[in-house]
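Please look over the sequence and the predicted model below.

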Amino acid sequence: GERGSPDTPAEWALLRYPENLTLGNLLYFLAAPTLAYQVNFPRTPHVRMRWLARRLLELVFVLTALGLIVQQYIEPAVINSIRPLQKMDWPRLIERVLKLALPSMYAWLCIFYCLFHVWLNILAELLRFGDREFYKDWWNAATVGDYWRLWNMPVHKWLLRHVYYPGIRYGMSKWSAMVLTFFVSAVFHELVLGVPLHMVRFWAFSGMMLQIPLVVATEYIRKRLARDELGNYVFWITFCVVGQPVSVLMYFHDYVTMQRIEVPPMGTVT
C-alpha cells in the first residue's frame, strides 16, 4: 500500500528526508551489500532459512576448493618463480606465468563465486535487502569496457554516481570522465593490496590504467570487424592468462624482497 495506508506495515513505509537521518538507518546502510546510499532500499518480506543454509554450504565447499587450489598449485609455482625473477630468466618466467594461468583463473572464479554470488546474497538475505544485482554476465563481455561494467555492480554503480556522472556534469567529455573513473579505481586497487602488504609498488595501479588502451582496442575490434567474440578472447587472454599471473608474481617477488624472506631453492617446492 501507499505511505500512510493502514494496510502498510511501519517497516515498509517509505521514508522521506530527514526521516532517514537515524542511527538505525545508517547502520543498515553500512551493513547492506551496496555502496550507493538511497533513502529507501527494496526489501524482501522474510528470510528464507532453507535457502540461506544452502548458500552457507556452497560457501564452505567453494572456500575449501579455493584453499586446495592455492596450496597445491599456486603456492609452489609462485615460490619457484623467485629465482627466475631475480635472474631475469625469461624462458623460465614465461613458463611460470603459463603454469600459473589456469590455477589462478580457477582461484579467481572461486573468489568471485564466494563473494558476489554467495556471500553478498547471504548478507542480503539476512538483511532482507531486495536488490540482488551484484553482477551481470561479464563472462560474455565483448569488450574490456563491457567487463568492467558487468562484473562488480556495487562498485560500478558507486563509480558512476560519485565519479563518472559528476565529471560529466562539470563539463568533462565522456572520454575524460572514463579516464578519471579508471584512475580512481586504480588508486583503490593499489590501496587494497598495498595496505595489507605494507608496500606500494603500483602494479595494481598500472594494471588498471592499462585497461584504458584495452578498452579502446576491443571497442575498435568490435566496430571494425563486427565480431563480439574477438573482444571476448582479448579479455580472457589479457586478464586471466597473462594479467593475473603476472600481478601475483610481481607482488610476491616484491614482498619477499622487502621482508627479506628466505625462499627454498627452485624445484624443492612441488
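The crossing of α9 and α10 is right-handed, that is, the near helix is turned clockwise from the far one by less than a right angle. Helices here are DSSP runs (H or I, at least four residues), numbered from the N terminus. The axes come within 8 Å and cross at roughly 155 degrees. Axes are lines fitted to C-alpha atoms over the stretch in contact, with angles from 0 to 180 degrees between N-to-C directions. Therefore α9 and α10 run roughly antiparallel (over 145 degrees).

This is a predicted model: local features need pLDDT of at least 70, side-chain atom pairs count only at pLDDT 80 or more, and totals for chains, interfaces and linings use all residues. Residues are numbered from 1 along each chain as its sequence is written, and side-chain values use heavy atoms, without hydrogens and water.

| Helix | Range | Residues in contact |
|---|---|---|
| α9 | residues 211-225 | Leu-214, Thr-218, Ile-221, Arg-222, Leu-225 |
| α10 | residues 228-259 | Asp-228, Leu-230, Gly-231, Val-234, Thr-238 |

Now the cores. A nonpolar core joins buried Ala, Val, Leu, Ile, Met, Phe, Trp, Tyr and Cys residues through side-chain atoms within 4.5 Å; buried means under 20% relative accessible area (1.4 Å probe, protein chains only). The largest has 29 residues. Trp-108, Trp-138 and Phe-239 are among those that touch the most other members. α4 (90-127) gives the most, with six residues. Trp-151 touches Phe-112, Phe-116 and Phe-134, among others. Another core, of 20 residues, lies apart and includes Ile-74 and Ile-122.

How values were computed:
Helix = DSSP H or I, 4+ residues; strand = E, 2+ residues; numbered from the N terminus. Parallel < 35°, antiparallel > 145°, perpendicular 65-115°, else oblique. Contact = heavy atoms within 4.5 Å. Buried < 20%, exposed > 50% of the residue type's maximum accessible area, 1.4 Å probe, protein only. Lists of a residue's contacts leave out its neighbours within four places in sequence.
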